[in-house]
Amino acid sequence: MQKAMYYRDYLQLDKILTAQAPESCQPGNEPAHDEMLFIIIHQAYELWFKQILFELDYVCGVFNKPAIDDNAEDLNLVRHRLNRIIRILELLNQQVGILETMTPLDFLEFRNLLTPSSGFQSLQFRLLEARLGLQMDERHQKDYYKRTNEGGFDQPDYSTINKTEATPALLQLVNNWLERMPFFDPAFWNDYTPKNTSPTPYFFWNDYRSIYQSGLTERETSRIDDFDAVFFGKPSTHTAAQTAPIAPAFSAEAMRAALFIMLYRDFPMFQASYQVLDSLIEIDHLMANWRHKHLVMVRRMIGMRVGTGNTSGAGYLEGALSKHYVFRDLSSLSTFLIERKKLPRLPVALIRKLSYPPTAAEG
Ligand code: HEM
């Protein structure tokens with residue numbers, strides 16, 4: 001007969017609840033009351049990072065399939081699990097408030113005992129960033145990662161980050177999924193009469209481009225160059241520094257599909273795809289929110305001192321905050337929207353494709 005399950009054993013509480021060993025309580029040190037909170041809050045973060053990584057693995061697995069039926073359970077489950085990640089990230093944002101009940105003086109009681117470790121060395125956090133699509137080359141102060149004895153990673157962890165980066169991240173997988181969108185198949189566009197036939201070979205987008213351009217104010221006229229760069233891959237006329245904020249990680253083809261989904265999101269077939277894109281923007285947003293809350297908390301806690309992990313502290317965190325957006329291409333799509341009422345009418349064949357198939361009763 002199967003042994004009755006016992007709560008403590010099922011959750012392996014013997015391991016979890018004996019894993020808090022404040023350094024300040026070691027012989028020879030002065031016990032610091034707040035170190036317990038400091039340890040538990042980090043451990044709670046790590047457990048949630050684990051759950052986020054678990055959900056991300058599932059999501060990447062779906063996008064890794066050669067074909068995804070946008071109208072079947074796959075995409076719905078992706079949407080559901082991305083939403084779970086969002087809820088967890090909201091919670092992680094709130095947890096900063098608990099840590100803020102510790103004062104800078106309370107922290108000073110045990111801070112020196114931590115050196116040179118810090119949250120910088122959170123492998124799971126780095127894997128989360130990498131699974132989303134952040135590459136080592138794009139990381140702020142990437143040299144810090146290799147400084148094994150000065151707050152960076154040890155060799156096994158560093159190589160785990162590199163290995164994870166070498167597998168397709170969500171960013172690439174979503175790019176590939178968008179590129180496969182079949183909506184520009186000429187079969188759907190036979191009864192579309194373009195108003196503009198240049199400057200690109202894409203009839204619908206020429207019309208869209210012309211409407212977009214006519215809505216730009218005098219100060220925004222150069223946005224049309226950005227439009228051509230982002231959606232048609234034309235070399236930008238801007239300097240490298242000016243284009244940096246919108247230099248796309250997505251291909252022009254994927255960006256056209258993403259914009260098309262944003263524009264026509266009210267069609268039933270686009271609902272799930274739109275929500276997936278919106279969730280990715282939200283995840284980026286919540287990650288940035290967390291980085292910001294953490295930064296403000298760090299400024300309050302250690303002022304302008306260097307971090308225990310040997311970075312410049314708040315200065316480093318500010319750099320990471322501004323650089324480590326992964327889905328900024330998707331959020332930048334709002335730059336290129338036009339008013340709903342000005343949207344080109346889609347051809348009937350495409351509208352049929354975008355609507356749910358008629359039920360048997362409707363014939
Ligand atoms: C008293 C509270 C905290 C202070 C003063 C603090 C301070 C810092 C500092 C100064 C850094 C930069 C690396 C360094 O030089 O040390 C850092 C990085 C980091 N910390 Fe904290 N931290 C605190 C709490 C937390 C908590 C609760 C977490 C949750 C896991 C966390 C996660 C991280 C992460 C992930 C990084 C890397 C951020 C990035 O590279 O974008 N920290 N922290």
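Two residues are in contact here if their C-beta atoms, placed from the backbone, lie within 7 Å. The structure is a predicted model, in which local features need pLDDT of at least 70 and side-chain atom pairs count only at pLDDT 80 or more, while totals for chains, interfaces and linings use all residues. Residues are numbered from 1 along each chain as its sequence is written.

The secondary structure of the chain comes to 16 helices and zero strands, where helices (H or I, at least four residues) and strands (E, at least two) are DSSP runs numbered from the N terminus. Along the principal axes, the C-alpha atoms fill a box of roughly 85 × 65 × 35 Å. Of the 363 residues, 22% count as buried, a residue being buried if 20 or more other C-beta atoms lie within 10 Å of its own, exposed if 12 or fewer, and partly exposed in between, again with C-beta atoms placed from the backbone. Among contacts between residues at least 6 apart in sequence, 71% join residues at least 24 apart.

Helix α3 (35-63) can be followed from end to end. Its end C-alpha atoms are 42 Å apart, which agrees with the 42 Å that its 29 residues should span at 1.5 Å a residue, the expected span being 1.5 Å times one less than the number of residues. The buried residues of α3, among them Phe38, Tyr45 and Ile52, pack against α4 (73-99), α6 (123-132) and α8 (170-179). In the loop between α2 (13-16) and α3 is glutamate 30, which counts as exposed because it has 8 C-beta neighbours inside 10 Å.

The largest nonpolar core has 49 residues, and those with the most contacts inside it include Leu170, Leu178 and Met255; such a core is a set of buried Ala, Val, Leu, Ile, Met, Phe, Trp, Tyr and Cys residues joined through C-beta atoms within 7 Å. Helix α12 gives the most to this core, with eight residues. Leaving aside its neighbours within four places in sequence, leucine 178 is in contact with Phe250, Ala254, Ala257 and Ala258.

Turning to the ligand, 25 residues surround it, the closest being Ser118, Gly119, Gly307, Gly309 and Thr311; a residue is near the ligand if its C-beta atom, placed from the backbone, lies within 6 Å of it. Two or more residues of the shell come from each of α3, α13 (271-302) and α14 (314-323), and the largest share, five residues, comes from α13.
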